[in-house]
Amino acid sequence: WHRHDELPCGTVKQMKKYEGERDAFVNADLKFHEVICKASGNQLLEKSLHKVFLETRKNHNQMNALFGFQSGIDCHTEILEAFKEKNSQKAYRAMWNHMNQAMKKI
């Protein structure tokens, strides 16, 4: 990565910075997912996710209106901590919890 804001920790910092500013927050949130995909080394996954996000941008703003800001910050921070620890099980549990919380709200 060439820029700090392109690291997962940079995107979480941006999410915190833009809490309350929906468009900027959603951009940082989506960037978090794109950075994680890029780190996977799977170019097909990275390109597919980018295309999906371009087509579903409006939906992400609506989801932020429903979920608020703190949930994304907390869950992404937990996922990031698992990555830093290189703990795949912890990352899996954190992501599962993140998705489960979203499904319950929906």
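Predicted model: local features only at pLDDT ≥ 70, side-chain atom pairs only at ≥ 80, totals over all residues.
Local features need pLDDT of at least 70 and side-chain atom pairs count only at pLDDT 80 or more, while totals for chains, interfaces and linings use all residues. Residues are numbered from 1 along each chain as its sequence is written, and side-chain values use heavy atoms, with hydrogens and water left out.

**View 1. G20 in the loop between α1 and α2**. Here you can find G20 in the loop that links α1 (8-17) to α2 (22-40); helices are DSSP runs (H or I, at least four residues), numbered from the N terminus. G20 counts as exposed because its relative accessibility is 56% (exposed is over 50%, buried under 20%, partly exposed in between; 1.4 Å probe, protein chains only). Look also for Q70: its C-alpha atom is 9.8 Å from that of G20, although 50 residues separate the two along the chain.

**View 2. N64 and its contacts**. N64 belongs to helix α4 and, with 5% relative accessibility, is buried. Its side chain meets that of R22 in a polar contact of 2.8 Å (N or O atoms within 3.5 Å, where within protein one must be able to donate a hydrogen and the other to accept it, and residues adjacent in sequence count only if both atoms are side-chain atoms). Beyond neighbours within four places in sequence, N64 is in contact (heavy atoms within 4.5 Å) with R22, F25, V26 and F69.

**View 3. L66 in helix α4**. L66 is partly exposed, as its relative accessible area is 46%.

Technical notes. Helix = DSSP H or I, 4+ residues; strand = E, 2+ residues; numbered from the N terminus.
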